[in-house]
Amino acid sequence: MGDERGCIVVEDDFPGYSPKYFNIPRHYESDVEYVLLPRGLVIDRTERMAKDIFYEMDFSKPLLAMCVLKGGYIFFNDLLHQLRQLSAQSNNSCQMGIDFIRLKSYQNDQSSGEVKVIGGDDLKKVEGKNLLIVEDIIDTGRTMEKLLEMLKPHKPNSIKVASMLIKRTERSSGYRPDHIGFEVPDKFVIGYGLDYNEYFRDMGHICVISESGKKKYSA
Ligand code: IMP
């Protein structure tokens, strides 16, 4: 059930769901191998993640939620929507700012091994804040480790990382974020903001890309 791993674990032999039972945009129909995580499940999990994040929050300092673009933008929006609702309902409300950072490490379905910051505000803004970094997926973990290394000298009060997905892969550096939605098999996934060479961000469900899809959209 994944209790010891702190998230929902999708096992390697999970066959997924046939795309024919889901609303997949017509232009991507033949590019999806199977639906791994339907959007409804992702939303439900996000609701619980927001609750976990909110109840362990230090309300004495402002929160700065930092979205790692581009892949994290849908998860970021859904997570912050939930956090805003919790904050509005609670006596422990907390000032919440948002920020965006853009990193690049992927070409086709391979991590390039090199992580570049290619956009975002001045990192000095994080000083004294409780930073919540929101990411789409942790694969090798190198991107997040690099980002944390870059942020720490700017003296945030605290740093927490929430990632919708973590891949179970031999390439992992061992890094695990504070909050994880789902642990998934070592497959290339698309949809819900996740792309393959900038395609598939406009698909609601998290799916495994087909070999023909990879060929069609390779860079
Ligand atoms: P890492 O440095 O290997 O952990 O890679 C993290 C980044 O690679 C994520 O933020 C994604 O942008 C990208 N990435 C890794 N795996 C996938 C995937 O299966 N689908 C889409 N993007 C991925």
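Start with E2 and strand E10, residues 206-209: they run antiparallel, and four bridges join them. Strands here are DSSP runs of at least two residues (E), helices runs of at least four (H or I), numbered from the N terminus. Two strands pair if DSSP finds at least two bridges between them. Find Val35, and opposite stands Cys207 in E10.

Before going on, the ground rules. This is a predicted model: local features need pLDDT of at least 70, side-chain atom pairs count only at pLDDT 80 or more, and totals for chains, interfaces and linings use all residues. Numbering runs from 1 along each chain as its sequence is written, and side-chain values use heavy atoms, with hydrogens and water left out.

Back to the sheet. It is open, has three strands, and the order is E2-E10-E9 with antiparallel pairing.

Now Ser210. Its place is the loop between E10 and helix H4 (211-216). Is Ser210 buried or exposed? Ser210 is buried, at 6% relative accessible area. Buried means under 20%, exposed over 50%, partly exposed in between, with a 1.4 Å probe and protein chains only.

What does its side chain reach? A polar side-chain atom of Ser210 lies 3.3 Å from the backbone oxygen of Ser30. The Ser210 side chain also reaches the backbone nitrogen of Gly213, at 3.0 Å. Setting aside neighbours within four places in sequence, Ser210 is in contact (heavy atoms within 4.5 Å) with Ser30, Asp31, Val32 and Glu33.

Last topic, the ligand. There are 17 residues around the ligand (a heavy atom within 4 Å). Asp139, Thr140, Gly141, Thr143 and Val189 come nearest.

Look at the ligand's oxygen atoms. A polar side-chain atom of Thr140 sits 2.6 Å from one. For Asp136, the distance from a polar side-chain atom to a ligand oxygen is 3.0 Å. In Glu135, a side-chain N or O atom is 3.0 Å from a ligand oxygen. Taken alone, the ligand exposes 490 Å², and the protein buries 92% of that (Shrake-Rupley method, 1.4 Å probe).

Which elements give two or more residues to the shell? Strand E4 (96-107), strand E6 (130-138) and helix H3 (142-151). E6 gives the largest share, four residues.

Note on methods:
Polar contact = N/O pair within 3.5 Å; in protein donor to acceptor, adjacent residues only side chain to side chain.
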